[in-house]
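Student: I have not worked with this structure before. Could you take me through some of its side-chain contacts?

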Amino acid sequence: MATPASPNAFDQPAWETAQVLGVQVAVAADVLEAALALKQRGGGQIVTLNAEMTMSALADPALGGAIAAADLVIPDGAGVVWALKRQGYRVRRSPGIELARQLLVEAASRSWRVALVGASPEVMALVSARLKKEIPGLNLQFSVHGYQSPEQWPGIEQQLREARPDLVLAALGVPRQETWIQRMHAGQPGLWMGVGGSFDVWSGAKQRAPQWMCRLQIEWLYRLVQEPSRWRRMLALPEFAWAVLRQG
């Protein structure tokens with residue numbers, strides 16, 4: 001399991017590590033501060049944990065192993081926040097899409113090299129152009145869509161390693177993005193973070209839930225309305241709640 005990091009040797013740790021159904025998750029006053037502390041320490045993998053991913057991690061050893069080995073796991077979903085509060089932790093939900101955007105802004109201000117990986121060719125073209133326009137000074141050094149043939153990936157991965165980016169955002173879907181990052185970031189500097197559908201939202205291809213739904217922590221319902229085919233995946237939510245209640 002990952003250990004807490006600190007901005008320097010004289011500061012208190014930026015987070016402590018708790019567990020939800022045996023899956024690690026950080027309890028941090030400020031996830032951006034925690035991520036920047038991790039970057040200062042040399043970088044690592046950031047995972048955004050929700051109830052659905054927690055249940056998937058329990059069923060999928062590869063995903064579970066990637067999360068266990070990750071350096072910073074933030075409470076992305078309302079269910080994870082609820083489970084932590086039952087343990088006495090006062091935490092706020094920290095959507096991964098918001099942390100990723102904050103890190104891009106930090107990257108521009110700190111002259112970090114940024115890499116984007118994943119999504120469709122159309123979305124990648126749109127998101128790359130929009131981010132350069134919306135975040136002045138962003139050094140987007142590497143961008144590649146996720147619809148590559150198996151034969152192309154080794155060369156792409158070698159180029160990415162040689163670029164040695166300070167921030168890598170991967171939109172390859174769960175669990176692929178987590179297991180891919182676990183393999184790729186070893187021995188590499190920088191922050192590596194799976195961002196799911198964030199590129200779709202930033203590109204304008206999809207809309208994020210209205211703020212009032214985010215405040216009520218029912219963003220999952222908006223996604224379900226947009227994509228009714230997600231209903232099978234949503235069955236993980238009551239399973240998660242029941243598992244947490246049984247645990248006491």
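Tutor: The following conversation covers a helix, some aromatic rings and some salt bridges. Please keep in mind that the model is predicted.

Student: Let us start with helix α3. Which of its residues are buried?

Tutor: Helix α3 spans residues 61-69, and its buried residues are L63, A66 and I67. They lie on the same side of α3, because they cover an arc of only 95° around the axis.

Student: Now to the rings. How many aromatic pairs are there?

Tutor: The count comes to three aromatic pairs. One of them joins W153 and W180 in an edge-to-face arrangement, with 6.3 Å centre to centre and 65° between the planes. This pair links distant parts of the chain, since W153 belongs to helix α7 (residues 153-163) and W180 to helix α8, 27 residues apart.

Student: Is W153 buried or exposed?

Tutor: W153 is buried, with a relative accessible area of 9%. W180 also counts as buried, at 5% relative accessibility.

Student: Which other ring does W180 pair with?

Tutor: W180 also pairs with W192. That pair is tilted, at 6.1 Å centre to centre and 50° between the planes. W192 lies in strand β8 (residues 191-194) and W180 in helix α8, so the pair ties together parts that are twelve residues apart in sequence. W192 is buried as well, its relative accessible area being 0%. Taken together, ring pairs link W153, W180 and W192 into a cluster.

Student: Next topic, salt bridges. How many does the structure hold?

Tutor: It holds six salt bridges. One of them is between R41 and D71, whose closest N and O atoms are 3.9 Å apart. R41 is in helix α1 (residues 31-41) and D71 is in the loop between α3 and β4, so this pair links distant parts of the chain, 30 residues apart.

Student: How accessible are R41 and D71?

Tutor: R41 counts as partly exposed at 41% relative accessibility, whereas D71 counts as buried at 15%.

Student: Which residue forms a salt bridge with E134?

Tutor: The partner of E134 is R101, and their closest N and O atoms are 2.6 Å apart. E134 lies in helix α6 (residues 121-134) and R101 in helix α5 (residues 96-110), so the bridge ties together parts that are 33 residues apart in sequence. E134 is partly exposed at 43% relative accessibility, and R101 is partly exposed at 24%.

Student: Over which ring does the charged end of R101 sit?

Tutor: The charged end of R101 sits over the ring of W202, 5.8 Å from its centre.

Student: In which helix do R110 and E106 both lie?

Tutor: Both lie in helix α5, four residues apart, which is about one turn of the helix. R110 counts as partly exposed at 45% relative accessibility, while E106 counts as buried at 18%.

Conventions: Residues are numbered from 1 along each chain as its sequence is written. This is a predicted model: local features need pLDDT of at least 70, side-chain atom pairs count only at pLDDT 80 or more; totals for chains, interfaces and linings use all residues. Side-chain values use heavy atoms; hydrogens and water are left out. Buried means under 20% relative accessible area, exposed over 50%, partly exposed in between (1.4 Å probe, protein chains only). Helices (H or I, at least four residues) and strands (E, at least two) are DSSP runs, numbered from the N terminus. The arc is that of the directions from the helix axis to the C-beta atoms. Rings of Phe, Tyr and Trp (its six-membered ring) pair if their centres lie within 6.5 Å; planes under 30 degrees apart count as stacked, over 60 as edge-to-face and the rest as tilted. A charge sits over a ring if NZ of Lys or CZ of Arg is within 6 Å of the ring centre and within 35 degrees of the ring normal. A salt bridge is a side-chain nitrogen of Lys or Arg within 4 Å of a carboxyl oxygen of Asp or Glu.
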